[in-house]
Amino acid sequence: MATTEAIGRKKLLEVEDLRTYFDVEGRTAKAVDGVDFFMYENEVLGLVGESGSGKSVTALSIMRLIPNPPGWIERGAVRFRGKDLMRLTYDEMREIRGKDISMIFQEPMTALNPVFSIGFQLTEALQHHKAMSKRQACERAIEMLELVGIPDAARRLWSYPHEFSGGMRQRVMIAMALSLTPHLLIADEPTTALDVTIQAQILELMLDLKQKTGDTAILLITHDLAVVAESCERVAVMYGGKIQEVAPVERLFARPAHPYTRGLLTSLPRPDRERQARLQTIPGIVPSILDFPAGCKFWTRCPVKEAVCETVEPELVEVEPSHWCRCHLVQPTATPGGRSK
Amino acid sequence: MHGMTSYFIRRMLLIPVTFVCITFMVYGIMRLAPGGPIEQARTQLLMAMQEGGGSLATSATGELDLPQEAIEQLKVYYKLHRSIPVGYLIWLGVWPDDDRQGEFNGVVQGDLGMSYRYSEPVLTTIVSKFPISITFGLIGYLATWIVCIPLGVKKALTHRSWFDTTSSLVVFLGYSIPGFVACLALLLMFGTSLVWDIFPLGGFRSENWNEMWEAGNFWWCVRDQAHHMVIPIIGYVMSGFATMTILMKNSLLDNLGADYVRTAFAKGLTERRVIFLHALRNSMIPLCVSIGHAIGLLFAGSFLIEKTCNIPGMGLLGFNSLVERDYPVLMGILVFGVLIRLLGNILSDVILALVDPRVRFE
């Protein structure tokens, strides 16, 4: 991907040609098959795609938390603040987890250990990474719980996860993830399992805390374009284990380049428009992870495919400044700055 | 916690009800079953008289039989002369016993009656055997934990490795060999000169154990006791070995795949802490709950292992009492067995409430 940037912001994370495969009954499922993207410091990047597109596996690969067996990281580089995470020793990587990069998961109901109090689970990471005393860790934990809006935090510290509602548990998860002021927060579908009213609150809370705590960047993984529109600066669209399009949010919504992104956007219900006879959808279904086609991953469902799409995989090309797209039919505009990878 | 207390009080109050139902049923079945002490006595007497050729009473059908008065006397002697409900209530101690000046003498008063066979109070008989079974049961159960927990954990952590596969083979072999058969094989191999004669051929202690104890040979006694216990304990461990190992392995494996384990790893905790604190703590829950149920089994002893290894414990006592229709002893064993099992079930619930904060009994 482009190495120079017009805006001149520092890059926090660069993922290059990341490939994570799984063994599925003797066959190799290429869940993530050459993912490239980068994140600026202090940025909110949305990673969008249908289920099975490889979003969560990308996140877990960055953390090196792919369960092995059956999965493994075949190749790729993940440069985080200058260090390639893939080359660190196990213990060096462990020191980064939780402290520099932390993660929130989709299921708040199961992501916390049911037999330990949330106070225990909040303080253990603090004591581990910062060598805090029990007392200091408790104070910090209470402070974080108050910050995420848990009422009566000092008393609830020793409550167990089952005594909290789903939304409250996700708040606890956020408190836990941000208690060590990481540089990067990976939020894997943090609002998907919650009620719609709670979703907005949690999203707002995350962005609010990002402002308060300072320089935490957020990688927001979601399949919900409304969430992206609300909270992200830039969006990366994933399909078939590859990034298909990256652009600033306004530009992606205004001028989507990739046929898949266009399909995603037209399949959104639009209450402001006149009611159409039928909601538009992308034809076909996502192919099984085991048999994605050769060539462009999307051609089986693409409305504008040509012969070349079936055999040659397109490159991720900067079609206009800060806007990359992986499609044979989308050529760089006349802008001289645009160049291929 | 208030709701929990009342839950457990209610559970305790149900114990007497269950107890009465079970003991009444067993009492009734026992009284109705053929081959009771009177029939046994009759057969014995008849055989003796036939051999002696003495004068005989003749029943209405012309067959040889005891005089009616003798049968009635026997019935009174064995306390079988009352109807089943009245007999039961007297046994229970809530109905006056005419034979003893209308006193109440039963379970409620702590009187389990006299053993037909040993001619001593049932309570004395049971109390003399009880420590033996409990010793073997407890040590066997502890040994099972000590062997199975680490093995199950190791198997879960090395799932599908050669270690896991080979040990599974051993586990299933152990599952298919009953404990007493293993004891028999071990006694043959190591109790006789067949392979290596290093263990005694059964028995609870050496015959001169009590003398040595009084002589103050403490270490000799301990060694002798341990020496006799090795083979039976192996038998006890074999009985629960497979189930507990596989339970431990599967439980840990389930928890290692749980979301909260991923969260713990994502926090940067060490693998050791994630596995041995977070996952293991959760996977021990089903095993802890099984403790309460196991207690009932500890009391009962294993009749087959006791028989094979010639240990005079509860299992053997129960079996002999059954064969010889020693009803008071059988009922006495039942009293203890039922009470311990019922309390064990409640204990399981208490343990579950202690180890799993999610559980709240209302």
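**Figure 1. Confidence along chain A of the predicted model.** The mean pLDDT of chain A is 86, and 92% of the residues score at least 70. Residues 1–6 of chain A have a pLDDT below 50, and this stretch makes five contacts in the model beyond near neighbours in sequence. Residues 336–341 of chain A also have a pLDDT below 50; here the model has 13 contacts beyond near neighbours in sequence. Where pLDDT is low, the predicted coordinates should not be read in detail.

**Figure 2. Packing of helix 5 and helix 12 in chain B.** Two packed helices are described by the angle between their axes and the distance between the axes. For helix 5 (residues 122–157) and helix 12 (residues 285–300) of chain B, the angle is about 140° and the axes lie 7 Å apart. Helix 5 of chain B is therefore oblique to helix 12 of chain B. Their crossing is right-handed.

**Figure 3. Residues at the contact of helix 5 with helix 12 in chain B.** Helix 5 of chain B contributes B:Ser133, B:Ile134, B:Gly137, B:Leu138 and B:Tyr141. From helix 12 of chain B come B:Ala294, B:Leu298 and B:Phe299. Six of the residues in this contact are nonpolar and two are polar, with no charged residue.

**Figure 4. The contact between chain B and chain A.** Chain A supplies 23 residues and chain B 18 residues. On the side of chain B that touches chain A, helix 10 (259–266) and helix 11 (271–283) are the elements giving two or more residues. Helix 10 of chain B provides the largest share of that side, seven residues. By type, the side of chain B that touches chain A has seven nonpolar, five polar and six charged residues.

Key. Residues are numbered from 1 along each chain as its sequence is written. Chains are lettered from A and ligands numbered from 1 in the order in which they are written. This is a predicted model: local features need pLDDT of at least 70, side-chain atom pairs count only at pLDDT 80 or more; totals for chains, interfaces and linings use all residues. Axes are lines fitted to C-alpha atoms, for helices over the stretch in contact, and angles run from 0 to 180 degrees between N-to-C directions. Helices (H or I, at least four residues) and strands (E, at least two) are DSSP runs, numbered from the N terminus. Angles under 35 degrees count as roughly parallel, over 145 as roughly antiparallel, 65 to 115 as roughly perpendicular and the rest as oblique. A crossing is left-handed if the near helix is turned anticlockwise from the far one by less than a right angle, and right-handed if clockwise. Two residues are in contact if their C-beta atoms, placed from the backbone, lie within 7 Å. Ala, Val, Leu, Ile, Met, Phe, Trp, Tyr, Cys and Pro count as nonpolar, Asp, Glu, Lys and Arg as charged, and the others, Gly among them, as polar. pLDDT is the predictor's confidence in each residue, from 0 to 100.
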